[in-house]
Amino acid sequence: MDLKIGESGSFSKTISESDIYGYAGITGDFNDLHVNAQSSEHSLYGERIAHGMLSAGFISTVIGTKMPGEGTIYLSQTLNFKAPVRIGDTVTAIATVSEILNQEKGIYKLNTFCENQYGEKVIDGEAVVKYLGLPANASFNNVKETFYSNEEIKTLNLKKYGNNVLISKNAIFYNPEFVEIGDNVRIDDFTTISGKVVLGNYIHIAQFCGLYGGSEGIYMDDYSGVSSRVSIYATSDDYSGKYMTNPMVPEKYEHEIRKAVYIDRHVVVGTTSVILPGVRIAEGTSVGSMSLVNKSLDAWGIYVGIPAKKIKNRDKNILNLEQKLMKDLNSRGGHSLNHNTLWRCV
């Protein structure tokens, strides 16, 4: 598939505080200019700004998913940073084919830039990519093919599940008879759920996650979610050396630590984070990417690191949005959620 000069694609995203902390957690760039509200007040910009490479990453999103799209290989990218991006700014990345360098080999030059909601350029540059198009037999699953139908969910033998539940056909359940799922829940590809796991309403579990509830259980309350590759353990081997630690060893030689894990309402956990047995993450708290949670976290905080430590308070505007959502649902005759869920009790 040949590209033509002038073909273009775009991607937009509003930058949130969580985006900045998540990017800092992944890269290790905790420059005060990005994460310290107090010290950044005395900076050139008078407030925190997003990492430049965070916005630049949206150009990669366009090239890999929009223009040219699937199958594209990055060869080079130049970047010129023109203006800061602040929390709340909407950044739009645009890539346009500007030159055909070698059509036979599928090598193209793209004009790339990012602009904010005012049309002001924050980044510009050029990319060189290799794109030969998708194979003739390439196909991609749509939502109906990727997720079980309601009739198919019945065959999973879950203890309980509600309305509008999306479960990937690539997810794995061990002891599904101990799994309870509320309304409006999505479980993505290659996630493993083992033992007792109880999910509330409006919950998302992203790809490659592991929820190991054992006999004590993992309890996720309404509006909570975990990003890709998060691991949550309500059961673990004893690593002290007093016992053996292999599931193939007879039980009398090993010792399991079993303590329930509670993820309260409006909690979000960043990619590749690990949550250990006995932890409770209280309402409204966010955990940054690649964090280790080995003790309970207080409500409405932003925590990052190994082990996770609080770096600031989290905005409670989520609660206002929740009320608006409920009013919107009720006005349309939608399902009203019951927030008095059993696992909120201390």
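**Close-up views of the predicted model**

**View 1. Cys-209 counts as buried, with a relative accessibility of 3%.** The model shown here is predicted. Cys-114 also counts as buried, because its relative accessibility is 0%. The cut-off for a buried residue is under 20%. The structure holds zero disulfides. A disulfide would be a covalent bond between the sulfur atoms of two cysteines.

View 2. The protein chain has 346 residues, and buried residues make up 44% of them. Its C-alpha atoms fill a box of roughly 65 × 55 × 55 Å along the principal axes. Among contacts with a separation of 6 or more, 40% join residues 24 or more positions apart. Mean pLDDT is 90, and 92% of the residues reach 70 or more. Residues 336-346 have a pLDDT below 50. Beyond near neighbours in sequence, that stretch still has 28 contacts in the model.

**View 3. Strand 6 and its antiparallel partners.** Strand 6 spans residues 121-130 and is mostly covered. Seven of its ten residues are buried. Strands of a sheet pair through backbone hydrogen bonds, either parallel or antiparallel. Here is each partner in turn.

- Strand 2 (residues 73-77) runs antiparallel to strand 6 and is joined to it by four bridges. Tyr-74 has Val-129 of strand 6 as its bridge partner.
- Strand 3 (residues 80-81) is antiparallel to strand 6 too, with two bridges. Phe-81 stands opposite Ile-123 of strand 6.
- Strand 5 (residues 107-115) is antiparallel to strand 6, with nine bridges. Phe-113 is paired by a bridge with Asp-124 of strand 6.

**View 4. The hairpin of strand 5 and strand 6.** Five residues lie between the two strands. Which residue in the turn has a positive phi? Gly-119 does, at about 80°.

**View 5. Helix 1 and the parts it packs against.** Helix 1 covers residues 17-27. Its buried residues are Glu-17, Ile-20, Tyr-21, Gly-22, Ala-24 and Gly-25. Residues three or four places apart on an α-helix point the same way, because there are 3.6 residues a turn. What do the buried residues of helix 1 pack against? The partners are helix 2 (32-35), helix 4, strand 24 (301-304) and strand 25. Gly-28 follows helix 1, and its phi is positive, near 85°.

**View 6. Phe-11 and Phe-58 form a tilted pair.** The structure holds five aromatic pairs. In this one, the ring centres of Phe-11 and Phe-58 are 5.7 Å apart. The ring planes stand at 55°, so the pair is tilted. Phe-11 belongs to strand 1 (residues 8-14) and Phe-58 to helix 4 (residues 52-65). The pair therefore ties together parts that are 47 residues apart in sequence. Phe-11 counts as partly exposed at 25% relative accessibility, while Phe-58 counts as buried at 8%.

**View 7. Tyr-219 and Tyr-262 form a stacked pair.** Their ring centres are 5.1 Å apart. Their planes are at 15°, so the pair is stacked. Strand 13 (residues 210-220) holds Tyr-219, and strand 18 (residues 261-263) holds Tyr-262. This pair therefore ties together parts that are 43 residues apart in sequence. Tyr-262 counts as partly exposed, at 23%.

**View 8. Arginine charges over aromatic rings.** The charged end of Arg-280 sits over the ring of Tyr-262. Its distance from the ring centre is 4.7 Å. The charged end of Arg-229 sits over the ring of Phe-208, at 4.4 Å from the centre.

Notes:
Residues numbered from 1 in each chain as written. Predicted model: local features only at pLDDT ≥ 70, side-chain atom pairs only at ≥ 80, totals over all residues. Heavy atoms only, no water. pLDDT = per-residue confidence, 0-100. Contact = heavy atoms within 4.5 Å. Disulfide = S-S within 2.5 Å. Buried < 20%, exposed > 50% of the residue type's maximum accessible area, 1.4 Å probe, protein only. Phe/Tyr/Trp six-rings, centres within 6.5 Å; stacked < 30°, edge-to-face > 60°. Lys NZ or Arg CZ within 6 Å of the ring centre and 35° of its normal. Pairing = 2+ DSSP bridges.
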